[in-house]
Amino acid sequence: MGWPFIGETFAYLKHHPSFSLGSYLQSHIHRYGKIFKSNLFGEPTIVSADAGFNRFILQNEGRFFEASYPESVVRIMGEWSMLALTGEGHKEMRSIALNFLSSDILRNRLLPDIEQHALLVINTWKDGLYLSATEETKKFTFYMMAKNIMSMEPGKPETEKIRREYTTFMEGVVSMPLEFPGTPYSKALKSRSEICSVIGRMMDSRIKEMNRQEDMKGNNDMLSWCLTEPKLSKEQILNLLFGFIFAGHETSSIALTVAIFYLGHCPKAFQELRDEHLGIARKKTERGETKLNWEDYKQMEFTECVVKETLRLGNVVKFLHRKATQDVHYQGYDIPRGWKFLPVLSAVHLDGSIHKDPQEFNPWRWMQNKSASAVELMPYGGGNRLCAGAELAKLELAVFLHHLVLNYRWELAKHDEPLAFPYVEFDKGLPIQVFNISN
Ligand code: HEM
């Protein structure tokens, strides 16, 4: 169980490449097996690297288990954030989130928007340009979320302000939760309140517009949706929008950067991906179409394999926080009520008994295993907290990759790799040099 109070938390959180288990998990799984106990984040905890047990934990949310994030995470994300909510409160917020991301909206509204925002970024590049992949993918996903959540346009002072504040916020999320002046965690708390005051101001002016019954056609965004939901308080809306922009841009931009990293290392996968997209683009030209539609997206089979493999090795979300709400008996283990559970998603993704040569980037493995069960690959969690933005994230990745491989090839300009802090980051922002291949 490690040291009193801190237990083994520091060893557990020590950073390592996201495509590896890290020394803590490796040594503990070797010594104690895939399910073991420890003291982490100040509480007695069961760590699970076992695919079946992880699924059991996630499928029994609300029955034997509930989400239980540490106080420091709840403080930074807000007590009304979806990570912090459980029971009915969570259900209510989740249904709003899912409505906003329904398949109809994805097809008809978000797909064209994603394409527009991908091109907005890629069209600023030039042959031979050096750039940070992290920075560029973040611009894409941030502007896309800001537009759909609050109709914020790129380049406007308020948009740029909250973009900067989210960067500071993220630095606090990945740091130790030490609340002294000047620490990244304290700065993140400050950034959070700055962002919330911008959202609050926008909310007030939207309410005024609504009261004056002005033409709201341009404002078919999440903010307007929330304001027509009578059950939601101002505080709840603030938290929902804050969390949505955060969850919606940090995760998919990192996943996209990881894809750029792996494709840069694997010319064969890059070429097969490009061939798939050249085929789609050719057919569109023959039909006299220019913009991507849902049918094009559904043809992106190899792309889907690249995305799955990226998420398996990228491990954007390494583990989740749960707590037993009653005594749990699972395959010979007796776990008392109140103990914490950390289902480690990455451990299953990197388990050699499930995935052959687990550290190898091999998108073709998913061609043979098209119906991979939710146990083998769980980048979006599972059960009734399954990521609300999973389909949006897949669509964003596919559309960005479409325009990327049609127009550019790239070389990694400096050594860099995805590191699990446990949230994934590239130390140098993944510097790349891009070369135009559109002609
Ligand atoms: C590759 C990208 C993404 C990954 C890997 C990812 C991963 C996850 C995971 C693992 C969870 C479950 C957390 C838990 O069970 O405690 C989650 C929840 C959530 N994600 Fe994502 N996510 C991604 C993109 C997105 C996007 C684009 C959005 C869009 C808004 C989003 C919104 C959410 C929301 C609202 C929840 C809370 C769901 C709930 O509690 O019911 N995510 N995500």
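1. Helices here are DSSP runs (H or I, at least four residues) and strands are runs of E (at least two), numbered from the N terminus. Of the 32 residues in α11, 26 are buried, so the helix is mostly covered. For the record, buried is under 20% relative accessible area, exposed is over 50%, and partly exposed is in between (1.4 Å probe, protein chains only).

2. A word on what we're looking at. This is a predicted model, in which local features need pLDDT of at least 70 and side-chain atom pairs count only at pLDDT 80 or more, while totals for chains, interfaces and linings use all residues. Residues are numbered from 1 along each chain as its sequence is written, and side-chain values use heavy atoms, with hydrogens and water left out.

3. Now the iron. What does the protein donate to the iron atom of the ligand? A single donor, the SG of Cys387, at 2.3 Å. Donors are N, O and S atoms within 2.8 Å of the metal (3.2 Å for Na, K and Ca), and water is not among the atoms, so sites may look incomplete. Cys387 sits in the loop between α16 (365–368) and α17 (390–407).

4. The shell around the ligand holds 24 residues, and the closest are Tyr69, His90, Arg94, Arg322 and Cys387. A residue counts as near if one of its heavy atoms lies within 4 Å. By type, the shell divides into 15 nonpolar, six polar and three charged residues. Helix α11 comes back here: α11 gives the most to the shell, with six residues. Both α5 (87–100) and α11 supply at least two.

5. For Arg322, an N or O atom in the side chain is 2.6 Å from an oxygen atom of the ligand. A polar contact is a pair of N or O atoms within 3.5 Å; within protein, one must be able to donate a hydrogen and the other to accept it, and residues adjacent in sequence count only if both atoms are side-chain atoms.

6. Thr141 belongs to helix α7 (residues 133–150), and its side chain reaches the backbone oxygen of His249 at 3.0 Å. Is Thr141 buried or exposed? At 0% relative accessibility, Thr141 counts as buried.

7. On to the strands, where two strands pair if DSSP finds at least two bridges between them. Strands β2 (residues 35–40) and β3 (residues 43–48) run antiparallel, joined by six bridges. They form a hairpin with two residues between them, and Phe41 in the turn has a positive phi of about 50 degrees. On the other pairing, β3 runs parallel to β9 (residues 340–343), over four bridges.

8. Two bridges link β1 to β11 (residues 418–420), with Pro17 opposite Leu419.

9. Finally, some backbone geometry to look at. Most residues other than glycine have a negative phi, and most peptide bonds are trans. The bond from Phe421 to Pro422 is cis, with omega near 15 degrees, and Pro422 lies in the loop between β11 and β12. Leu430 has a positive phi of about 50 degrees; Leu430 is in the loop between β12 and β13 (431–436) and is buried at 0% relative accessibility. Asp357 has a phi near 40 degrees, and is partly exposed with a relative accessible area of 41%.

Key
Nonpolar A, V, L, I, M, F, W, Y, C, P; charged D, E, K, R; others polar.
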